[in-house]
Amino acid sequence: MIDIKLIRENPELVKENIRKKFQDHKLPLVDEVKDLDYKFRIVKQEGDDLRALKNTKSDMIGKLMRDGNKDEAMRIKNEVSNFNHKIDELTKEEESLQQEIKKRMMLIPNIIDASVPIGKDDSENVEIKKYGEPSVPDYEIPYHADIIESLNGLDKVSAGRTSGNGFYYLMGDIARLSSAMLAYARDFMIDKGFTYCIPPFMIRSDVVTGVMSFEEMDAMMYKIEGEDLYLIGTSEHSMIGKFKDQIIKESDLPITLTSYSPCFRKEVGAHGIEERGIYRVHQFEKQEMIVLCKPEEAFKWYDKMWSYTVELFRNMDIPVRTLECCSGDLADLKVKSCDVEAWSPRRKDYFEVGSCSTLGDAQARRLGIRSKGDNGTYYVSTLNNTVLASTRALIALIENNYNSDGSINVPVSLQPYMGGIKVIKPK
RNA sequence: GGAGUAGUACUCAAGAGGCUGAAGAGGCGCCCCUGCUAAGGGUGUAGGUCGGGCAACCGGCGCGAGAGUUCGAAUCUCUCCUACUCCGCCA
C-alpha cells in the first residue's frame, strides 16, 4: 500500500508506475482515489465541526444541570438530539468513503525501483548472474521422485491414503537429508548474525488479511474449522505479523530474524500440485529470513539477503543463478525482487528455490509497523527471503549430486548433520 | 475446557456519568553539587492519530478491541482478545 499523499501530490507518478507494470486497467483507480479522498476530507470536516458543536453543547448541559437550570438543559438536550442524526449520517458516509479508498489503495501497486527491468511477465525476467558451473553429466539424471524412491526415501502412496494428493512421506536417509539441510541453513543464518525464531504455525484472520489479499488467502491458506485460525503458508506471515501495529525503537533496528516453520499451501492456483514428485506440494518446511530496517538501509539488506542464499546453495555444491523479476512479474507490494534458481541437470534449466524481496514501506504501512527516531515516526522497510525450502532444495541437491551408480553424494557441509554419511546408496 | 481478578500514555499508577486527554510519580530536558560513577538538590517539558493551516494554532477521534445505553462514557451494559490465580486435561 502506497502513501495516499503520493496520489494527492503526484498522481502522474503513480499512473506511470502502473503502466510500467502493464496494469493499465488499474489506471482509473488513481483518479477515483483522488476524488474519494477529496470528498472524504469534506465530509470529515463537516462531521468534525458538528461533533465539536455537540461537545460544547453537552458541556453546557452539564454546567446547567449543576446550576439547577433544568429547563434550559432540556432545551439544549433536544437540540443536540436533533442533529445527532446528521452526525450519524456523516459518520457512515465517512466510513464508507474510507472503505472505498482503502479498497482501491490495496489494488494500486507499490512504486517499483528504478532499477527494475520493464517487462510483461516472468518470461521477461532478467538473469543477473550464474554461480557455479551448470554442468550436465554424460549419464542420464532420472526424475527426482524416481531417485528418491530408489533410495527408499519416498512414499507417496501411503500419503495419498492418509492425507491425499500433494502429501508425502520422506523416509530414512532422505528424510534425514531434508532435516540436515534445514539445520545447516538455520546455523548458516545464525552465523550471519540473524536471530533464530520458531514462530506460531497458525495465525488469526486479521494477520492473514494484513499480509495478503483475499484472493491470495483463498488460494493458499488452510483454515482451521471452528476457529479463527489459519495454517501459515510461510513463516513470513507470522514473523511480520509479530510486529503488526507496533512501534519499534529505532535503536532496535535493523531487526534480522531467521525463522523455521512448516508451510501449508492449498496451491489451487494455475499450476496445481504435482502428481508424482515433491516439486509442488501441500506441505513443506522452510527456513526463512526477514529484515525490518530503516528505509535508507533497505537495498543494502536486499543485496546481502539474496547473496546469503546463493552462498548457502554453493556450500551444498548446487549451481545457482539469480534472476531479477521484471516489472510485470513483480507482486503489487514489492519494490524489487529476485529469485534464486537452482540448476537442474535433468531439465538442463534452472528452477526457483527462493525469492528475495524488498517491499519498501508498503507492507509496514498496511500492517502499521513503525519506528520512532529523532526525525519522528515513520514506517519501516520490510524485506524477506527464502533461506531454504525443504522439498525444492532436496530436488536440487539430489539432481546435482547424483552419481552414475544411482548414489548421492552428501556435500561436506551437510555431513556433520548426517552422522558422517558421505554417500547415500540405493537399496 | 471451567471459575475468579485485571487491562489507563515509554513505565508504574489515580480515576466510579459532565469540572479528566487523563492527577501523581518514574522517565526525559536543563541547572547546581560531588574528582568519575552511584546518589542528592533545583527547575522545566511532552505525549498517539486523522483533518485543516505557511505557521503559531484549531478541531475530530482516542483509556485492550468492537458494539450498545446517554445530550454526554475511561467510568454503565454486551461480545471478543490478552494476562494472572485456582481447578481440570495433556506432549
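Residue I203 faces Y230 of strand β7 across a pair of strands. The model is a predicted one, in which local features require pLDDT of at least 70 and side-chain atom pairs count only at pLDDT 80 or more, while totals for chains, interfaces and linings use all residues. Residues are numbered from 1 along each chain as its sequence is written, and chains are lettered from A and ligands numbered from 1 in the order in which they are written.

The pair that holds I203 and Y230 belongs to an open sheet of three strands, ordered β5-β7-β6 and paired in antiparallel fashion. Here strands (E, at least two residues) and helices (H or I, at least four) are DSSP runs numbered from the N terminus, and two strands pair if DSSP finds at least two bridges between them. Strands β5 (202–203) and β6 (222–223) form the edges, each pairing on one side only. Between β5 and β7 (residues 230–231) there are two bridges, and these strands run antiparallel. In general, the strands of a sheet pair through backbone hydrogen bonds, either parallel or antiparallel.

Another open sheet is made of three strands in the order β8-β14-β15, and its pairing is mixed. Its edge strands, each with pairing on one side only, are β8 (247–249) and β15 (376–379). From one strand to the next, the twist averages 35°. Strand β8 runs parallel to β14 (residues 370–373), and three bridges join them. Within this pair, I247 is found opposite R370 of β14.

Turning to the helices, α2 (residues 11–20) packs against α3 (residues 27–67) at an angle of about 155°, and their axes are 9 Å apart. Axes are lines fitted to C-alpha atoms, for helices over the stretch in contact, and angles run from 0 to 180 degrees between N-to-C directions. Helix α2 is therefore roughly antiparallel to α3, a term for angles over 145 degrees. The crossing of α2 and α3 is right-handed, that is, the near helix is turned clockwise from the far one by less than a right angle. Helix α2 contributes P11, V14, K15 and I18 to the contact, and α3 contributes L27, V30 and K34; residues are in contact if their C-beta atoms, placed from the backbone, lie within 7 Å. By class, this contact of α2 with α3 has five nonpolar, no polar and two charged residues. Nonpolar covers Ala, Val, Leu, Ile, Met, Phe, Trp, Tyr, Cys and Pro, charged covers Asp, Glu, Lys and Arg, and polar covers the others, Gly among them.

Helix α3 also meets α4 (residues 70–107), with axes that come within 8 Å and cross at roughly 155°. This angle makes α3 roughly antiparallel to α4. The crossing of α3 and α4 is left-handed, with the near helix turned anticlockwise. The contact of α3 with α4 comprises 20 nonpolar, four polar and 16 charged residues.

Taken as a whole, chain A contains 13 helices and 18 strands. Its C-alpha trace spans about 100 × 45 × 40 Å along the principal axes. Of its 427 residues, 38% count as buried, meaning that 20 or more other C-beta atoms lie within 10 Å of the residue's own. Among contacts between residues at least 6 apart in sequence, 71% join residues at least 24 apart.

Finally, S404 is located in the loop between α13 (390–400) and β17 (408–409). Because S404 has 10 C-beta neighbours inside 10 Å, it counts as exposed, a class for 12 or fewer.

Key:
Parallel < 35°, antiparallel > 145°, perpendicular 65-115°, else oblique. Contact = placed C-beta atoms within 7 Å.
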